[in-house]
Amino acid sequence: MTAITVDGRRPGKEPPPAHISPRRTLRHGLTLAWRNIAQLKHSPEKLLDTTLMPIVFLLLFLYVFGGAVAGDTQSYLQTLLPGLIAQMAMFATMGLGTALNEDIHKGVFDRFRSLPIARSAPLIGSVLGDTARFVTVMTVLVGFGSLLGFRFHTDPLSVLAAFALAYVFYLAVCWISVLVGLVAPTPETVQGLSFIWVMPLTFGSSILVPDTSTMPGWLEAWTKVNPVTHLAESMRALMVGGPIGNHAWYTLAWAAGIVVVTFPLAMRMYSRRA
């Protein structure tokens, strides 16, 4: 039988390095991300909300607001669907916080801490692994929207740029969900806390009503600085056409700012909880 030393290492095995390089950190994170994606193969019901929610929102908003906002549903669909991509990028992150909180309560992250991996790797893996949720939402939304009559009016490169921008913003917002998942005392409270910040950002924007001039002054001012508005306007310009202005740059700036603020806070809370 192979002997084990007091510190848990096998004889002759080098101790884990005190400092792990960013390259190895990313590799550890990608490994754990694949773990999260592989789990979906055995529990596909975890993607049920991201499969049905885009369809419900698209049908509801299209046929409730279409005639009032654009005069007919087909015209409104060309404006609504790019905006809904921005909205779904927000809503899809909510499941990440719940799953993270559940893993902490089950002791999964305690096991991660015992491994010779980067301290941030479990959180990075959770965020990158949530890419499957983003892809599912975008595929369902665009696919169902195309069945209803939505058409791209720009070149393929612009469409790819639109989804890349949405994905970058999605990854940034995931860190807010991670922080909520670490702060919330139980998985049941994660959804409630998530709605508190998701609802003002999504519905207090130009997602449903591109012309915000009819809104009260204070609400119009909020929509102009709202990052979801900049993302929605960027998606419309890149997918349907029209001037993009500085919306894409504002979206990227907001994404960078969100990560700079939430990542250190998430790591601090992770050290306390896990």
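Trainee: What makes residues in α3 meet residues in α7?

Mentor: Gln74, Leu77, Leu81, Leu84, Ile85, Met88 and Ala89 in α3 meet Val137, Met138, Leu141, Val142, Gly145 and Leu148 in α7. Contact means heavy atoms within 4.5 Å. This is a predicted model, where local features need pLDDT of at least 70 and side-chain atom pairs count only at pLDDT 80 or more, while totals for chains, interfaces and linings use all residues. Residues are numbered from 1 along each chain as its sequence is written, and side-chain values use heavy atoms, leaving out hydrogens and water.

Trainee: Why is the pair α3 and α7 given a direction word?

Mentor: Helix α3 and helix α7 (residues 131–148) pack at about 175 degrees, with axes 10 Å apart. That makes α3 roughly antiparallel to α7, because angles over 145 degrees count as roughly antiparallel, under 35 as roughly parallel, 65 to 115 as roughly perpendicular and the rest as oblique. The axes are lines fitted to C-alpha atoms over the stretch in contact, and angles run from 0 to 180 degrees between N-to-C directions.

Trainee: And what about α2 and α3?

Mentor: Helix α2 (residues 48–70) and helix α3 (residues 73–91) have axes that come within 9 Å and cross at roughly 140 degrees. That makes α2 oblique to α3. The residues where they touch divide into 17 nonpolar, four polar and no charged.

Trainee: What makes something part of the largest nonpolar core?

Mentor: A nonpolar core is a set of buried Ala, Val, Leu, Ile, Met, Phe, Trp, Tyr and Cys residues joined through side-chain atoms within 4.5 Å; buried means under 20% relative accessible area, exposed over 50%, partly exposed in between, with a 1.4 Å probe and protein chains only. The largest has 70 residues, and Leu81, Ile85, Leu123 and Val178 have the most contacts inside it. Helix α8 (residues 156–183) gives it the most, with 15 residues.

Trainee: Which residues does Ile85 touch?

Mentor: Leaving aside residues up to four places away in sequence, Ile85 touches Met138, Leu141, Val142, Phe163, Ala166, Met235 and Met239.

Trainee: How many helices and strands does the protein chain have?

Mentor: Twelve helices and zero strands. Both are DSSP runs numbered from the N terminus: helices are H or I with at least four residues, strands E with at least two. Of the 274 residues in the chain, 47% are buried.

How values were computed: Ala, Val, Leu, Ile, Met, Phe, Trp, Tyr, Cys and Pro count as nonpolar, Asp, Glu, Lys and Arg as charged, and the others, Gly among them, as polar.
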